[in-house]
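Visitor: I am new to reading protein structures, and I would like to go through one slowly. Could we take it question by question?

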Amino acid sequence: MRSIIGKTIAAAAILAASASFAHAGDVEVLHWWTSGGEAAALNVLKQDLEKQGIGWQDMPVAGGGGTQAMTVLRARVTAGNAPTAVQMLGFDITDWAKEGALANLNDIASAEGWDAVVPAALQKFSKYDGKWVAAPVNVHSTNWVWANKGILDELGIAQPTTWDELVAAMQKVKDSGKIAVAHGGQAWQDATIFDAVAMSTGGPEFYKSAFIDLNPDALGSDTMKQVFDRMSVIRSFVDDNFSGRDWNLASAMVIKGDAAFQFMGDWAKGEFLNAGKKPGEDFLCFRFPGTQKQVTFNSDQFAMFKQGDTVSPEQAALAKAILSPSFQSAFNVVKGSVPARIDVSDEAFDACGKQGMKDLAAASESGNLFGSMAHGHANPASVKNAMYDVITAHFNGEYDSDTAVKEMVNAVALAQ
Ligand code: BGC
């Protein structure tokens, strides 16, 4: 299985490496926004640029979380054919900046006043060595639950607020013959749930200590064992066909009423909206039980790869467009995320978006805002991938919880 995936990625990488350079006046954008909701959001950006006479060369690389996209990117850069702009997460940005591959966006940043409006938690990744190297397009967060309202109403299930209530709700759904949890068995999706379960089980200090500080005591703790035990509980509520399923197909199961819950970042909302569903009427969005005060965030940013000595006019126009307040509102309303600027009104956003903006501000204020481990905002890819391997092996029954805890400590030590 792994080798098939490996071969597919390698083939995609070779194909990508041979792709042509963008024409003058165009931007070539590498991204992983290939689901219906993501494509709808991407269109908002494409249309914005077209209005300015800038053409778009699309370089989509399917695969949520961006693992495949980053493999293709490495191949392109190695072949001397870097795309103009690349969707990137957290530490991937600073890792590429360290290699000297990214263009300096300081002129645009100061002309547009980015320093004053982009939150510090994002600037940590948008800037390297005092230079802006990426333009943040949004803030997503991973600790959300997406629920089919009709199923919950029919079964008399109230919105769960604690782990125990969640387990009781999942049991009730399972007893009714429906699927309790729509999930896709891919490493990044398993890890996305792990973000929420770890925060809920251990609280913010544990999350920070284990995922951000990589403290071996936290990684090897009884709390970590409890997190793995809870992952096994969730595993018992997914359907038999979960293995390899894409995240948007899991969202579709909740949308159609085949399953009650999906534990997923707020990009899932884009799928519900794209299917014509309304928050509060057709579906519910709420924080993963036990994480109501916390936000585990990730921000999609566009890094511009050096094409010459200075930023090209097209790159500058793209960066400027991405951070314009009207675009930030229009794009994020469709994408499911919230703006990457603090001065954008929540007026155009639905109830989930308004809550997302409120939660983000409150979590930031109260010290409850943390980078998502699953989406590259807690640690560089080497550590993230080491954690993915252990989480996935456990979710698929290769390790029991005790073994998983030991493997977690070892894998993280080796990856550093
Ligand atoms: C990105 C989202 C994207 C999701 C699923 C996340 O890592 O931040 O923008 O929608 O992956 O593809």
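Visitor: Is the disulfide of Cys285 and Cys352 left-handed or right-handed?

Guide: Please keep in mind that this is a predicted model. A disulfide joins Cys285 to Cys352, with 2.2 Å from S to S. The torsion about that S-S bond is about -105°, so the disulfide is left-handed.

Visitor: Which elements of the chain does this pair link?

Guide: A search of the whole structure finds one disulfide, and the pair links distant parts of the chain, 67 residues apart. Cys352 belongs to helix H17, which covers residues 351-365, while Cys285 belongs to residues 283-287, the stretch that forms strand E11. The elements linked are therefore helix H17 and strand E11.

Visitor: Are Cys285 and Cys352 buried or exposed?

Guide: A residue counts as buried when its relative accessible area is under 20%. Cys285 has a value of 12%, and Cys352 has a value of 5%. Because each value falls under that cut-off, Cys285 is buried and Cys352 is likewise buried.

Visitor: Which residues come nearest to the ligand?

Guide: The ligand sits in the largest cavity, and there are 14 residues around it. Those that come nearest are Glu38, Asn298, Asp300, Lys335 and His375.

Visitor: Which side chain makes a polar contact with the side chain of Thr296?

Guide: Thr296 lies in strand E12, which covers residues 295-298. At 1% relative accessibility, Thr296 counts as buried. Its side chain makes a polar contact of 2.7 Å, and the partner is the side chain of Thr142.

Visitor: Which residue has a side chain joined to that of Ser141 by a polar contact?

Guide: Ser141 has its place in strand E7, residues 140-141, and with a relative accessible area of 4% Ser141 is buried. A polar contact of 3.0 Å joins the side chain of Ser141 to that of Trp144.

Visitor: How many of the nine residues of helix H4 are buried?

Guide: Helix H4 runs over residues 90-98 and is mostly covered. The buried residues in H4 are Gly90, Phe91, Asp92, Ile93, Thr94, Trp96 and Ala97. After the helix comes Gly100, whose phi is positive, near 80°. Of the nine residues in H4, the number buried is seven.

Visitor: Is Asp129 buried or exposed?

Guide: Asp129 is found in the loop between strand E4 (127-128) and strand E5 (131-132), and its phi is near 55°, a positive value in a residue other than glycine. The cut-off for exposed is a relative accessible area over 50%. Because Asp129 has a relative accessible area of 63%, this residue is exposed.

Visitor: Is Leu214 buried or exposed?

Guide: Leu214 is also a residue other than glycine with a positive phi, near 55°, and its place is in the loop between helix H10 (187-212) and helix H11 (216-219). With a relative accessible area of 9%, Leu214 is buried.

Visitor: How many Å apart in space are Val117 and Ala340, C-alpha to C-alpha?

Guide: Val117 lies in helix H6, residues 114-117, and at 10% relative accessibility Val117 counts as buried. Along the sequence, Val117 and Ala340 are 223 residues apart. In space, from C-alpha to C-alpha, the two are apart by 8.3 Å.

Methods. Residues are numbered from 1 along each chain as its sequence is written. This is a predicted model: local features need pLDDT of at least 70, side-chain atom pairs count only at pLDDT 80 or more; totals for chains, interfaces and linings use all residues. Side-chain values use heavy atoms; hydrogens and water are left out. A disulfide is a pair of cysteine sulfur atoms within 2.5 Å. Helices (H or I, at least four residues) and strands (E, at least two) are DSSP runs, numbered from the N terminus. Buried means under 20% relative accessible area, exposed over 50%, partly exposed in between (1.4 Å probe, protein chains only). A residue is near a molecule or strand if one of its heavy atoms lies within 4 Å of it. On a 1 Å grid over the protein atoms alone, a cavity is a set of points where a 1.4 Å probe fits but cannot get out, and a pocket is an open set with protein on both sides within 12 Å along at least five of seven lines; lining residues have an atom within 4 Å of a point. A molecule sits in a cavity or pocket if more than half of its atoms lie within 2 Å of its grid points. A polar contact is a pair of N or O atoms within 3.5 Å; within protein, one must be able to donate a hydrogen and the other to accept it, and residues adjacent in sequence count only if both atoms are side-chain atoms.
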